[in-house]
Amino acid sequence: MASSAMLVTTAALDWVSAAFDAPLARAVVFGIHIDGHLVVEVLLIAVILFQLSRKSYKPPKKPLTEKEIDDLCDDWVPEPLCPPISEEKQIQTPTLESAATPHTIVDGKEVVNFASANYLGLIGNEKIIDSCIGSLEKYGVGSCGPRGFYGTIDVHLDCEKKIANFLGTPDSILYSYGISTIFSVIPAFCKKGDIIVADEGVHWGVQNGLYLSRSTVVYFKHNDMASLESTLEKLTRGNKRAEKLRRYIVAEAVYQNSGQVAPLDEIIRLKEKYRFRVILDESHSFGVLGNSGRGLAEYCGVPIEKIDIITAGMGNALATDGGFCTGSVRVVDHQRLSSSGYVFSASQPPYLATAAISAVDYLEENPSVLATLKNNIALLRKGLTDVAGLELSSSPLSPIVFLKLKKSTGSQDKDLHVLDQIVSRILHEDSVFLVTSKRSTLDKCRLPVGIRLFVSAGHSESDILKAVDSLKRVAALELA
């Protein structure tokens, strides 16, 4: 039986060999030698193509019953709109029950207020309040329209002219909301493909403007001019393509995240050497720095026309709300058509523009308020030079006095928790209102967190000494 199977197998192999060796399999067609292997390969390819071209088989769908549908709906859990907030991230913010003056009411208790950037002490100023009342009676509360569509009121134009004249620039433009000024101005001028060199310590509003611009953003070390020059050198050296691109340096005059003052004279030198433009945010220096409060340019002795674009929020020294951008007529006119915060937002309430005009008038008529502010800053800094576990990191002339931990825990969250404990005890035990430099999850700043004290010309010597004594006592207990 085995021999029979061998015979059958041998016969089958002989037949296959004969088939491949047949004259047909050795045919020549159009100069191509066709053997048996080629025929089999062609057949395999044809079968594969046929299988691929066939419609896939789908079993008929059986409709779900009402019970099955209800069960699926009961089991379905939607994705949360926002990630869960851990207990340590939940913030119980103190509630103000009066105006944010140097003495205010927080949660039913009078406190000394170092948490509001009321630098000139103008919150509650009677002349400013009277001017706002007159504006409310004449114009009402809001404008109900953007500036380009029936939202421009004469007081807006007066305020723009007042700021331009005060700073010595050709023109200025008003924005409805302070923080939206900088993140509307940057994308109005900086586009995809442009190069922006920015300080790593800029606040979230600037960061958002950099993101919205879609430009190539390169950061330099915080307030480090050697790092800035090195960055500019790397970007421009031998790079002919960079010469054809728009290039900007973005910085703050007084950094909100550290209290450091930018060396504007050195920034301008590097700007001219490497042919960049400068965008400067003066939210915490306008009305504060310089002999007459005209900002960082006056303080550093730099001609203001050397700064291409200046922005500032008016919610600090001027004690109102909104913001402005100032510069050449061309810079301002461009924003009236291309800046989202100007074009698409309802215009600034008229009484806020009136308040800004009155605040600038007050500053021009009372330059001595700047000397009072500087003395208060110096007195506070002198008292805080030897606080246990904390060290001053802000510049001597900064109205933001910034204290950070001498020894970090190694975690920003843990550092912030320690500082929050200090601030909370000071508020509840000594009635002094301070704040820590909290940052949202969107904020990419990696500078050390700290305690911020916003100094006001309205603070008395006793207010400052009380804050100093309280900080020293609680810091010694918490950081022992």
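This is a predicted model: local features need pLDDT of at least 70, side-chain atom pairs count only at pLDDT 80 or more; totals for chains, interfaces and linings use all residues.
Biologist: Why are α16 and α18 called roughly parallel?

Modeller: The axes of α16 (residues 368-383) and α18 (residues 461-478) come within 9 Å and cross at roughly 25°. Axes are lines fitted to C-alpha atoms, for helices over the stretch in contact, and angles run from 0 to 180 degrees between N-to-C directions. Angles under 35 degrees count as roughly parallel, over 145 as roughly antiparallel, 65 to 115 as roughly perpendicular and the rest as oblique. α16 and α18 are therefore roughly parallel to each other.

Biologist: Which residues meet where α16 and α18 are in contact?

Modeller: With contact defined as heavy atoms within 4.5 Å, Asn-376, Leu-379, Leu-380 and Gly-383 of α16 meet Glu-461, Ile-464, Val-468 and Lys-472 of α18. By class, this contact has four nonpolar, two polar and two charged residues. Ala, Val, Leu, Ile, Met, Phe, Trp, Tyr, Cys and Pro count as nonpolar, Asp, Glu, Lys and Arg as charged, and the others, Gly among them, as polar.

Biologist: How do you know the orientation of α9 relative to α11?

Modeller: The axes of α9 (residues 225-236) and α11 (residues 264-274) cross at roughly 10° and come within 11 Å. That angle makes α9 roughly parallel to α11. The residues of this contact divide into six nonpolar, one polar and five charged. Among those that meet are Leu-228, Glu-229 and Leu-232 in α9 and Ile-267, Arg-269 and Leu-270 in α11.

Biologist: What orientation do α7 and α13 have to each other?

Modeller: The axes of α7 and α13 (residues 329-338) come within 10 Å, with a crossing angle of roughly 100°. The two helices are therefore roughly perpendicular to each other. Their contact holds four nonpolar, three polar and no charged residues. Val-185, Ala-188 and Phe-189 of α7 meet Val-331, His-334, Gln-335 and Ser-338 of α13.

Biologist: Why is helix α8 described as largely enclosed by the rest of the structure?

Modeller: Seven of the ten residues of α8 (residues 204-213) are buried, so the helix is largely enclosed by the rest of the structure. Buried means under 20% relative accessible area, exposed over 50%, and partly exposed in between (1.4 Å probe, protein chains only). The buried residues are Gly-205, Val-206, Gln-207, Asn-208, Gly-209, Leu-210 and Ser-213. Their cover includes α7 (178-189), β6 (195-199), β7 (216-220) and β8 (247-252). Arg-214 follows α8, and its phi is positive, near 60°.

Biologist: What makes Val-449 count as buried?

Modeller: Val-449 has 5% relative accessibility and therefore counts as buried. Val-449 is placed in the loop between β15 (435-436) and β16 (451-454). Not counting residues up to four places away in sequence, Val-449 touches several residues, including Phe-402, Leu-416 and Leu-419. Phe-402 is 47 residues from Val-449 along the chain, yet their C-alpha atoms are separated by 9.2 Å.

Biologist: How do Ala-319 and Ser-431 stand against the accessibility limits?

Modeller: Ala-319, at a relative accessible area of 26%, is partly exposed, whereas Ser-431, at 15%, is buried. Ala-319 has a positive phi of about 55° although it is not a glycine, and it lies in the loop between β10 (309-313) and β11 (323-327). Phi of Ser-431 is near 60°, also in a residue other than glycine. Ser-431 is found in the loop between α17 (412-430) and β14 (432-433).

Biologist: How do you know whether Cys-144 is bonded to the closest cysteine sulfur?

Modeller: A disulfide is a pair of cysteine sulfur atoms within 2.5 Å. The sulfur of Cys-144 is 18 Å from the closest cysteine sulfur, in Cys-132, and is therefore too far for a bond. Cys-144 is exposed, with a relative accessible area of 82%. A search of the whole structure finds zero disulfides.

How values were computed:
Residues are numbered from 1 along each chain as its sequence is written. Side-chain values use heavy atoms; hydrogens and water are left out. Helices (H or I, at least four residues) and strands (E, at least two) are DSSP runs, numbered from the N terminus.
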